[in-house]
Each structure stands twice: as C-alpha cells, then as structure tokens.
Amino acid sequence: MRKIFFIILMIIFIYTLIFYTQKRVISQREDSWFMERLSYLPQTDRIKPFMLGYSTTYANYLWIKTMLYFGTHYESDNIYTWLTTMVDVITKLNPYFYPAYEFAGTILPSFANNSDAARIILHRGITNLGNTKFSIPFYLGWLYYDKYLDYESAAYFFAYAGKNLKAPTYISRLAATLYQKSNKTRLALDLLYAAYNATENPVAKETIKEKIISI
C-alpha cells in the first residue's frame, strides 16, 4: 500500500509541476499565445527523472494531443508552432514509439517546414529501432535526397533500408542509382548484386539484372 500511495503522490507531483510550468510561461506571453497553452511542454530532461517508469504512458498521452493539435491546425490556420517540439518530446520519452518517427519523416519537413528536426528525430529512430522498420532509414534517405541534395548520404540510407527483408527491391535500385550519381560505381554494383542474390522474385531479378547491365 505504501508503494502505491507513493506512486500516486509522484504522479500528482508530476502533473502539478507541468501545470505550474505552463502557468508561469503563459503569464509571460501575450493573449494570442493562449491558443497554444495546451501544447506547451516542459523540457524532457527535467521531467523524465520524475516519471518513475510512466514516461511511456505520458508519451502516449502526448501522442493523442499531437494528433488533435495537428488536425486542428490543418483544418484552420496551417500554423504548427509546437508540432516539432511535441514529436521531439514523445520520441525522447518513448524512443521506441515507431508512429512518431513515421510522422516526423512525413509531416515535419513539409507541414512544419523543419527538415533539420525531422533528420535528428529520424536518426534517433535508427539508433533505437535499428533496421526493424525499413521506412525510418527510407524517410531519412528521402530527406537527404529531396531537402539536402546529398545524394551519397541518401544512397547510404536507402541501402540501409533495402537490407530489411520486408523492404521492396526498388529501394536498393534507388540506392544504386544515387551511388552511381555520386561516382560510387563499385558500391552501386555491390548493392545490386546483393539485392539480386537476396530476392527470389523472377521479375525483380530481371529488373536488377537490367540495372546492372546499364551501369
């Protein structure tokens, strides 16, 4: 009973801390900022030590808030002031929460106009989820290709994504194309040979073979 009582007290303390932090920040802002008061988040490194194993639960709560926040602004003013911060905090509180990484890779660069934050969060996703989800390195590769015009880095992450057994074969071909464009022909051929040997699909094998011949 004492342990349960202690946990309840700590949960109350956490939400009290968040409430007064919000109140203090709100008091220093102009009236228009009240529209965003529910989206303000205290710094993760300050509140996480007090979570006592409940950081995942709080991350899930913030994820729901983030979806509501995005939907509200998508249908109104298309201004997403707090969106990047919300996704960043979620992936820090629960670094294994895949939907937040997918959201970061697809939404932050376009709607929040923040490719740098998307890149940092996607790198965090690769660190914590490894190659369990090919879409995370794929989104990162596309970010390097589309936003940074860094074809060699894009090729590297496309190749990383292509190593996943569930990844479609076109990702490896795309990586090879970009390696070739970056004057890394040897890497492009090695990648194509590996993809050719890994697939049992005759159509995919023929397509890869044609790509090898073209190089």
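This is a predicted model: local features need pLDDT of at least 70, side-chain atom pairs count only at pLDDT 80 or more; totals for chains, interfaces and linings use all residues.
**View 1. Helix α4, mostly tucked away.** Here we look at α4, which covers residues 83-93. Eight of its eleven residues are buried, so the helix is largely enclosed by the rest of the structure. The buried set is made up of Leu83, Thr84, Met86, Val87, Val89, Ile90, Thr91 and Leu93.

**View 2. Thr91 and its partner Arg124.** Thr91 sits in α4 and is buried, with a relative accessible area of 0%. Leaving out residues up to four places away in sequence, Thr91 touches Ala100, Tyr101, Ile121 and Arg124. With Arg124 there's also a polar contact of 2.6 Å between the two side chains.

**View 3. Leu108 and the largest nonpolar core.** This core has 52 residues, and Leu108 is one of those with the most contacts inside it, along with Leu83, Ile90, Phe103, Ile136, Leu140 and Phe158. Setting aside neighbours within four places in sequence, Leu108 is in contact with Leu83, Thr84, Val87, Phe103, Asn113, Asn114, Ala118 and Ile121. Of these, Leu83, Thr84 and Val87 are among the buried residues of α4.

**View 4. Asn164, a buried loop residue.** Asn164 lies in the loop between α8 (151-162) and α9 (170-181). It counts as buried because its relative accessible area is 10%, and the cut-off is under 20%. Beyond residues up to four places away in sequence, Asn164 touches Asn131, Thr132, Lys133 and Phe134.

Technical notes:
Residues are numbered from 1 along each chain as its sequence is written. Side-chain values use heavy atoms; hydrogens and water are left out. Helices (H or I, at least four residues) and strands (E, at least two) are DSSP runs, numbered from the N terminus. Buried means under 20% relative accessible area, exposed over 50%, partly exposed in between (1.4 Å probe, protein chains only). Contact means heavy atoms within 4.5 Å. A polar contact is a pair of N or O atoms within 3.5 Å; within protein, one must be able to donate a hydrogen and the other to accept it, and residues adjacent in sequence count only if both atoms are side-chain atoms. A nonpolar core is a set of buried Ala, Val, Leu, Ile, Met, Phe, Trp, Tyr and Cys residues joined through side-chain atoms within 4.5 Å.
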